[in-house]
Structures are given as C-alpha cells and as structure tokens.
Amino acid sequence: MVIDLLQAPRNMHPSTFNTHASFDVVLIAVCLAGIRRATGLTLQTSYLSSKSHQRILGTVVGVGERLFDVAVAFMCAYPSVFRREQVPRPRSESPD
C-alpha cells in the first residue's frame, strides 16, 4: 500500500492540509537555518536535476533564513525574557 503524502486525508479539507503542509515546510526551513548558523552545515541543491526544483528549494531555505533572523531579533528585543548563554571558551593547551 502506497501512501500519497501530497494528498489530504479524507477527514481533512484540502486547504487545511495545504496550510498545515506549508507550515511544516517553513518549520523545517527555519531548523535548517539554525543548523547552518550553529554548525556551518548547509543543504546542497546541486543534487537536484531540475533547475526549477533547485530554485524552489533555494527560496524555501531563504525564507527560513529570514524567519530565523526575525526570531533572533525578537528575542534580542526582550532581554528580560531571553538571555544569551555564555559559552566557556576551550582552553588552548600550551606546549610544555
């Protein structure tokens, strides 16, 4: 039995399903932006054969980057609620 992930379940209105799926895609894009910022790892679009798919994926990732920036700006605007954690620097070992 093959499940079609792009088809709304029978008990869900198609527009509700599209909204839900779009929200999921945006959340994944924001997570990818956070991963890129924290680790430097980025999503390769060159493995996609279609230029239109590469463009769409690039647009989605760009939206995630912008939303990540908005979330960070919002958090910085409220320092009484959000604080930056001081990460200890690793000690450099001196050759003895």
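A network of salt bridges links Arg36, Arg37, Glu65 and Asp69; a salt bridge here is a side-chain nitrogen of Lys or Arg within 4 Å of a carboxyl oxygen of Asp or Glu. The model is predicted, so local features need pLDDT of at least 70 and side-chain atom pairs count only at pLDDT 80 or more, while totals for chains, interfaces and linings use all residues. Residues are numbered from 1 along each chain as its sequence is written, and side-chain values use heavy atoms, with hydrogens and water left out.

The protein chain has two helices and zero strands. Helices (H or I, at least four residues) and strands (E, at least two) are DSSP runs, numbered from the N terminus. Of the 96 residues in the protein chain, 9% are buried; buried means under 20% relative accessible area, exposed over 50%, and partly exposed in between (1.4 Å probe, protein chains only). Contact means heavy atoms within 4.5 Å. Among contacts in the protein chain between residues at least 6 apart in sequence, those joining residues at least 24 apart make up 43%.

The whole structure holds three salt bridges, listed below.

| Salt bridge | N to O distance |
|---|---|
| Glu65 and Arg36 | 2.7 Å |
| Arg37 and Glu65 | 2.9 Å |
| Arg37 and Asp69 | 2.7 Å |

In the Glu65 and Arg36 salt bridge, Glu65 lies in helix α2 and Arg36 in helix α1, so the pair ties together parts that are 29 residues apart in sequence. For the bridge between Arg37 and Glu65, Arg37 is in helix α1 and Glu65 in helix α2, 28 residues apart. In the bridge between Arg37 and Asp69, Arg37 is again in helix α1 and Asp69 in helix α2, 32 residues apart.

Glu65 is buried, at 14% relative accessibility. Arg36 is partly exposed at 33%, Arg37 is partly exposed at 38% and Asp69 is partly exposed at 38%. Not counting residues up to four places away in sequence, Glu65 touches Ala33, Arg36 and Arg37.

Gln54 is also in helix α2 and counts as buried, at 17% relative accessibility. Leaving aside neighbours within four places in sequence, Gln54 is in contact with Thr45, Ser46 and Leu48.

Rings of Phe, Tyr and Trp (its six-membered ring) pair if their centres lie within 6.5 Å; planes under 30 degrees apart count as stacked, over 60 as edge-to-face and the rest as tilted. By this rule there are two aromatic pairs. Phe74 and Tyr78 form a tilted pair, with 5.0 Å centre to centre and 55° between the planes. The ring centres of Phe74 and Phe82 are 6.4 Å apart and the planes stand at 65°, so this pair is edge-to-face. Phe74, Tyr78 and Phe82 form one aromatic cluster. Phe74 is partly exposed, with a relative accessible area of 49%; Tyr78 is partly exposed at 42%, and Phe82 is partly exposed at 33%.

The accessible surface of the protein chain comes to about 8,900 Å², of which 62% belongs to carbon and sulfur atoms. Accessible areas come from the Shrake-Rupley method with a 1.4 Å probe; for residues, only the protein chains shown count as cover. Ile28, Leu32, Ile35, Leu41, Leu43 and Tyr47 make a nonpolar surface patch of about 590 Å². Patches are made of residues with over 30% relative accessible area and no salt bridge: like charges are joined within 9 Å, nonpolar side chains (Val, Leu, Ile, Met, Phe, Trp, Tyr) within 5 Å. Leu41 lies in the loop between α1 (14–39) and α2 (51–77) and counts as exposed at 59% relative accessibility.
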